[in-house]
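My notes follow in the order in which I took them.

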Amino acid sequence: SEVRNAATVAAAFDVLKVSQKVETAIEQLDRQLLTAWLNFANGAFDYTELVDTDGNGSADTQFATVMATAEATRLNPASTDAQLRAQRDILQRINGN
């Protein structure tokens, strides 16, 4: 049911790989979304754990809320590149990259 297939190891690797080409805002957000979900699956985050979304060193938003917002932005065809990149930036902060 994913918009971008990540159902196999090869497909997930395709989402995660860093390429030499310029990536779209959607591709960048997809990478951070998948990374966050993999971090969650690996136990790095609890679903209701507060995470730091603004980079000030203080946890402020539940992981579940962050992911729901990022996923909704990703799925909205009217989302602008700026909105997609803003969600990417939040996910990069919580993913630590």
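I began with Gln28 and listed its contacts beyond four places in sequence, which are Glu23, Arg85 and Arg88; I keep in mind throughout that the model is predicted.

I then placed Gln28 in helix α2, residues 25–41, and found a polar atom of its side chain 3.4 Å from the backbone oxygen of Glu23. With a relative accessible area of 16%, Gln28 is buried, because the cut-off is under 20%.

Next I turned to helix α4, which runs over residues 81–95 and, with 15 residues, reaches 20 Å from its first C-alpha to its last, close to the 21 Å expected at 1.5 Å a residue. I noted its buried residues as Leu84, Gln87, Arg88, Ile90, Leu91, Ile94 and Asn95. Seen down the axis of α4, these buried residues fall within an arc of 160°, so they line one face of the helix. Among the elements that cover them I found α2, β1 (50–51) and α3 (63–75). Just after α4, I saw that Gly96 takes a positive phi of about 80°.

Finally I looked up Leu84, which sits in α4 and counts as buried at 4% relative accessibility. Leaving aside residues up to four places away in sequence, I listed its contacts as Ala25, Ile26, Leu29, Thr73, Arg74 and Ser79. I also checked Leu84 against Thr61, 23 residues apart along the chain, and found their C-alpha atoms separated by 18 Å.

How values were computed: Residues numbered from 1 in each chain as written. Predicted model: local features only at pLDDT ≥ 70, side-chain atom pairs only at ≥ 80, totals over all residues. Heavy atoms only, no water. Helix = DSSP H or I, 4+ residues; strand = E, 2+ residues; numbered from the N terminus. Buried < 20%, exposed > 50% of the residue type's maximum accessible area, 1.4 Å probe, protein only. Polar contact = N/O pair within 3.5 Å; in protein donor to acceptor, adjacent residues only side chain to side chain. Contact = heavy atoms within 4.5 Å. Expected span 1.5 Å × (residues − 1). Arc of directions from axis to C-beta.
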